[in-house]
2 protein chains.
Amino acid sequence: MSAQDFLVELGTEELPPKALKTLGDAFLAGIEKGLKSAGLSYSGSRVYAAPRRLAVVIDQLAVQQPDRSVNMDGPPVQAAFDADGNPTQAALGFAKKCGVDISAIDRSGPKLKFSQSIPGQPAVGLLAGIVTSSLNDLPIPKRMRWGARKEEFVRPTQWLVMLFGDEVVDCEILAQKAGRESRGHRFHHPDSVRISSPANYLEDLRSAYVLADFAERRSLISKRVDTLAAEQKGSAIVPPALLDEVTALVEWPVPLVCSFEERFLAVPQEALITTMQDNQKYFCLLDANGKLLPRFITVANVESKDPAQIISGNEKVVRPRLTDAEFFFKQDKKQKLDSFNARLANVVFQAQLGSVFDKAERVSLLAAFIAARIGGDSPRAARAGLLSKCDLATEMVGEFPEMQGIAGYYYALNDGEPEDVALALNEQYMPRGAGAELPSTLTGSAVAIADKLDTLVGIFGIGMLPTGSKDPYALRRAALGILRILIEKKLDLDLAATITFAIEQFGAKVKNDGLASLVQDFIFDRLRARYEDEGVDVAVYQAVRAVNPVSPLDFDQRVQAVQAFRALPEAEALAAANKRVSNLLSKADGNVAAGIEAHYFDSPSEFSLNAAIQQADHAVQPLAQARLYSEALAQLAGLREPVDAFFAAVMVNAEDPSVRANRYALLAKLRSLFLGVADISLLG
Amino acid sequence: MSAQDFLVELGTEELPPKALKTLGDAFLAGIEKGLKSAGLSYSGSRVYAAPRRLAVVIDQLAVQQPDRSVNMDGPPVQAAFDADGNPTQAALGFAKKCGVDISAIDRSGPKLKFSQSIPGQPAVGLLAGIVTSSLNDLPIPKRMRWGARKEEFVRPTQWLVMLFGDEVVDCEILAQKAGRESRGHRFHHPDSVRISSPANYLEDLRSAYVLADFAERRSLISKRVDTLAAEQKGSAIVPPALLDEVTALVEWPVPLVCSFEERFLAVPQEALITTMQDNQKYFCLLDANGKLLPRFITVANVESKDPAQIISGNEKVVRPRLTDAEFFFKQDKKQKLDSFNARLANVVFQAQLGSVFDKAERVSLLAAFIAARIGGDSPRAARAGLLSKCDLATEMVGEFPEMQGIAGYYYALNDGEPEDVALALNEQYMPRGAGAELPSTLTGSAVAIADKLDTLVGIFGIGMLPTGSKDPYALRRAALGILRILIEKKLDLDLAATITFAIEQFGAKVKNDGLASLVQDFIFDRLRARYEDEGVDVAVYQAVRAVNPVSPLDFDQRVQAVQAFRALPEAEALAAANKRVSNLLSKADGNVAAGIEAHYFDSPSEFSLNAAIQQADHAVQPLAQARLYSEALAQLAGLREPVDAFFAAVMVNAEDPSVRANRYALLAKLRSLFLGVADISLLG
């Protein structure tokens, strides 16, 4: 028998549920790594993780390491022995490295050579070491000790099963002597469970009311929760992280439907959901319209004969939490949302930049400025900006920070604020992450941009630029958020003018020197990565960046046009021509005529290029003004032939300085036409 | 018996249906006017109008005019007789005016006096004259003669009933001798009908299958059409004008449901509806989704024993019309919509301004320019502009001009153009009249504005300014349409820049001299009437107009703010102060200091005004930039007190020229703050 199954199960006190899956995966990976470096082959592997155990099964693990042969090359034979046939230092060094006497070295070839066969060791003797070092490498931020022992682990250990084939591996790890006695469910099967073999591990435990397989428990919970939700004519909210956590809390999952009082539905449902999910680990149910049902699903760890008791226990536990939420909601509603600004005047946003209320006032004015420029409603945006931070001072957000923005929405509606103003209080935080939802309203967009830009300008203005991975105010995310809103919602905003306005709101609090272009560059720099992700070549981005559009939407429209232009057959030649012109002009050093005068032309190709430029100029200018950049570039593509003909026939640096200056003027005009869209010389 | 009912019924050949209701109403009004001026009282009146008759019934008409007494005052008695007791010229003149001898004049009072009693005449002798003159005054564009007679009326007359009480009024009008014999339904009751009395008129005719009452017939048709439509699980399209017309075509209305072949539903339903309504006077049916049903309702004039025959007759009549529409639709679809532009190159838009295709090209570029500035999509707008006139060259629009725009929409969709491009082809004509629907898309808005502005610029550019009621290109409506779209859809567009761009598209075709401001003024002039209609005082309009906002939306936002400002208690004093400052500055004649220098102040109120202005300046500028005009004016309202105190304490025209120039500078600064929103000196 050259291979047999291996099982290791470490029993512990209850493991931290949020880490359980990670611990299991790392345990398996560590063992696999150890087996591999020991040269022990196997045909398959599995990890099992449950609240009180981590286990790994290795299928058909080799019982013995293979024999290995080691071949080492040494110095040339000529250099290994002196004239007298005595070994040189080099030869002696090589023998020492091989760990043998010089006589054991093979000198038959052109070089010294040493070959050795190392016999494989039995696997059973290596397993304890491999398991131990995998456990030592587990990602555990803080290990604990227990009792009077010096061993450390994430939780105190309680038993250890280690079987290789049907035999116990004789060892002790983390204070536990290995055996074949595992333990069953804490209540359903308090006795020990004898594991007959690694292959029977799962089934042996199953009969002791333990589903050791994490994935199986997870899928069972998920299906059962969905079924129960459907029976309630609802659908369950099942965030993957919550499902993982619940899976990590139970050995024998039994989902049960519980109820809460309907009156709690008057409280914003996000608050109820937050408390039920985060504090109680319950799954909440929504009806077909997305409204919370007065039901939740708890996952019990026991198959009770009297589930009603478990249900009523859970209902009793959740009630004070919901009552709290209801109390906060009622309490907060006793005053108008805007009156919370008084408290925010005493809350510091940033020491040098003043209070949170100061920020709200700046955001208010800036949001109005932006709204006026994106087709929004300035007074609505100003109102939303003024209210934007108020909910931070409410009891509700104090207790449930996740309700920030959402609480503001509910309180604003309660005060009779317009719908878009209320929505903006939540939408100001959008997008909340990469690819996340954008504001749905213009008012929300204005406030979202204003809030982010105010932070950018303020933090840059006191010199706290993000460096490397340090970006405590999430300024990169803020800049990307501004860009996403403007580009994806097709809002045309002059960012330069907006930044200037934002800076003015800070008065003397920020250092204005070069601040506007610093912030503007920082924002437009973010576009580069965005375009790379979209498969737009960085040269296209740079070609547009070179002409400094101030509106991200306009920037994007130019990028799309240049990207399309690149596919034209004329693009390459024109890019090269532009580069050539750009080089020529950079050396022209003022010797460019003020206007183009035809009487200096001396070649038909000069006349034709001039005529073509005139005609293109006439057509392209209005196209660029109308932002028909693709059409403008398509027109300019027509210049390829006359440009090529010109460079083939004409020497730009003519001897006559007037002729030369005139030619420079012609080329400068050519280049200015392209620069109306982008600097395509950078495409080369 | 002092009063009795009066009836007049004029029988004619079939009256023009579109005019019937108007003719009836005018007939009644003319008779009422005649009775009033004859002093004949009555208790009620009614008009009846049917295809072959106009009738008026007057209730309880006085049988006799009342007696009248005439009292006339003459010259004073002292001036009426000379020393010898002979009448003076004045006295003789008065007697002559009264038509009696001087001896019949009463000289007992302080003035000469003449009283006379005029006995009333019997009404019966006056009625013929009253009826005749009412008939002569009917609003008939063209009267006709018939047979060899010299009488003229809208249609040949056929009988006349005139009863006063139970008696026939003995007279002849429009070639008909009055009697009591009316006529019944042309088919159901070809014999004459004896009208027993005015009160029985309606019922006598009803028994002869004539519903003489227009309103009763109209309501009967409307209800029956609705019932039949509901039976077909649809709703009927019942334009009021069509209902009036059908009501005017039948004496005994019998609505019937007919069908047409389902295959015609592949044709744009607007074309089918147009032909069925306009040519056949049918009511069309829609299903719950607004889709045409293959049914229509015709209103027969007879109660047929075999309605199926009438139904099949109508179905036979409509078929060729629907087949035509289907043919045009199929024919047009054989080519792409954009290919119709080739035909439009040969269709003149306006002799000096080129072809319709030229217009489409201009509109395309202008629409893209506008789209880029209102948050729209330039390439989409350009495409829609280029297609905008194509359907004018289609067979469909050639046959059904009402399909203009709608046909373009269907053909564009058929060609796979984007939905907003297709919609824009119809929306370009919006708003189609006062209060009518506006474009729903940004692309449609851009093209609608571009089309109107191109016409305005072009027609103004060749000097064809609208004068008085002559406005053949409907430029006033075009200007109002542009304003409505921009203001009501809250689109912020710099109209000045847009006009300049529009002018450039015409090149040398228009005279550019002062054209931009001519067009801009013409458009903004239209706002005046718009605001008057909304109850905004013209002074508010003028105050905003004075600062020349270039965006109609911005204009409107300022108007709303100034309107609100007027209601503030500070408004009146500040308007007066602004007027005073404006007057002072207009006479300052250059004697205004460049800056304000505090060392020239000599009164505390100068210092306080200066401080208040500084503070307001700081607050107001960002507010105005953010278009928070109400908030800006509310800030400025705070200046009332320091301004009043300044004028109470300080003599502006100080003797020291430096002090005076400094005061002017202070006032100039004050005024500039207000001018950032509007010239409120005009509110005074």
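Modeller: Ground rule for the strand talk: two strands pair if DSSP finds at least two bridges between them. Helices (H or I, at least four residues) and strands (E, at least two) are DSSP runs, numbered from the N terminus.

Colleague: Fine. What kind of model is it, and how are residues numbered?

Modeller: It's a predicted model, where local features need pLDDT of at least 70 and side-chain atom pairs count only at pLDDT 80 or more, while totals for chains, interfaces and linings use all residues. Residues are numbered from 1 along each chain as its sequence is written, with chains lettered from A and ligands numbered from 1 in the order in which they are written.

Colleague: Start with chain B. Is strand E1 of chain B mostly covered or mostly open?

Modeller: Mostly covered: 8 of the 10 residues in E1(B), 3-12, are buried (20 or more other C-beta atoms within 10 Å of a residue's own, C-beta atoms being placed from the backbone).

Colleague: Which residue does B:Leu7 bridge to in E3(B)?

Modeller: B:Val57. E1(B) and E3(B), residues 53-62, run antiparallel and are joined by 8 bridges. E1(B) also pairs with E6(B), residues 157-164, antiparallel again, over 7 bridges. There, B:Leu10 sits opposite B:Leu160.

Colleague: Switching to chain A. In what order do the 4 strands of the open sheet come?

Modeller: E12-E14-E15-E13, with antiparallel pairing. E12 (235-236) and E13 (254-259) are the edges, each pairing on one side only.

Colleague: And which helix packs on that sheet, touching E12, E13, E14 and E15?

Modeller: H5(A), residues 214-231, whose direction makes about 30 degrees with that of E13(A). Contact is C-beta atoms, placed from the backbone, within 7 Å. Angles run from 0 to 180 degrees between N-to-C directions, with axes fitted to C-alpha atoms, for helices over the stretch in contact.

Colleague: What about H21(A) and H24(A), at what angle do they cross?

Modeller: Roughly 50 degrees, with the axes of H21(A) (571-586) and H24(A) (640-649) coming within 10 Å. That angle is why they're oblique to each other; under 35 degrees counts as roughly parallel, over 145 as roughly antiparallel, 65 to 115 as roughly perpendicular and the rest as oblique.

Colleague: Which residues of H21(A) make the contact?

Modeller: A:Ala573, A:Leu574 and A:Ala577, against A:Arg640, A:Val643, A:Asp644 and A:Phe647 of H24(A).

Colleague: Last one: how many residues of chain A are in contact with chain B?

Modeller: 20, against 19 residues of chain B. On the chain A side, H10(A) gives the largest share, 4 residues.

Key: Two residues are in contact if their C-beta atoms, placed from the backbone, lie within 7 Å. A residue is buried if 20 or more other C-beta atoms lie within 10 Å of its own, exposed if 12 or fewer, and partly exposed in between; C-beta atoms are placed from the backbone.
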